[in-house]
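The sequence and structure come before the discussion.

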Amino acid sequence: MRTKVILHTILFLAIASGLPGARALTQEEVVAKIQAAGYTQVSDIKSTAEGMTAKAVKNGKDVRLVVDSTGQIKEQK
């Protein structure tokens, strides 16, 4: 019986570790995160398979950004 409980616990933990733990960011949260990273004029926010994409300006340069599911901001080329 004890072995069965241990196996069920291991199975549960394995399944749970594969589940996403965080909810998706709202548009307002995405804008705030982008602005906190030093970008201005954030616009054209869209949800895509990559994450949330946006247009912004940094150091006077127009950039396209993607904010992935972990909240990391990356400039697209």
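## Isoleucine 34

Isoleucine 34 sits in helix α2, which spans residues 27-36; helices (H or I, at least four residues) and strands (E, at least two) are DSSP runs numbered from the N terminus. The model is predicted: local features need pLDDT of at least 70 and side-chain atom pairs count only at pLDDT 80 or more, while totals for chains, interfaces and linings use all residues. Residues are numbered from 1 along each chain as its sequence is written, and side-chain values use heavy atoms, with hydrogens and water left out.

Isoleucine 34 counts as buried because its relative accessibility is 0%; buried means under 20% relative accessible area, exposed over 50%, and partly exposed in between (1.4 Å probe, protein chains only). Not counting residues up to four places away in sequence, isoleucine 34 touches Tyr39, Val42, Ala54, Ala56, Leu65, Val67 and Ile73, where contact means heavy atoms within 4.5 Å. Its C-alpha atom is separated by 9.5 Å from that of glutamine 72, 38 residues apart along the chain.

## Nonpolar core

The largest nonpolar core has 11 residues: Val30, Ile34, Tyr39, Val42, Ile45, Met52, Ala54, Ala56, Val63, Leu65 and Val67. Two or more residues of this core come from each of α2, β1 (40-47), β2 (52-58) and β3 (61-67). Such a core is a set of buried Ala, Val, Leu, Ile, Met, Phe, Trp, Tyr and Cys residues joined through side-chain atoms within 4.5 Å. In soluble globular proteins, nonpolar side chains tend to be buried together.

Alanine 54 has contacts with Ile34, Val42, Ser43, Asp44, Ile45, Val63, Arg64 and Leu65, leaving out residues up to four places away in sequence.

## Aspartate 68

Aspartate 68 lies in the loop between β3 and β4 (73-76). Aspartate 68 is classed as buried because its relative accessible area is 18%.

The side chain of aspartate 68 makes a polar contact of 2.6 Å with the side chain of threonine 70. A polar contact is a pair of N or O atoms within 3.5 Å; within protein, one must be able to donate a hydrogen and the other to accept it, and residues adjacent in sequence count only if both atoms are side-chain atoms. A polar atom of the aspartate 68 side chain also lies 3.0 Å from the backbone nitrogen of glutamine 72. Beyond its neighbours within four places in sequence, aspartate 68 is in contact with Glu50 and Lys74.

## Whole chain

The chain has two helices and four strands, in the order α-α-β-β-β-β along the sequence. Of its 77 residues, 22% count as buried.
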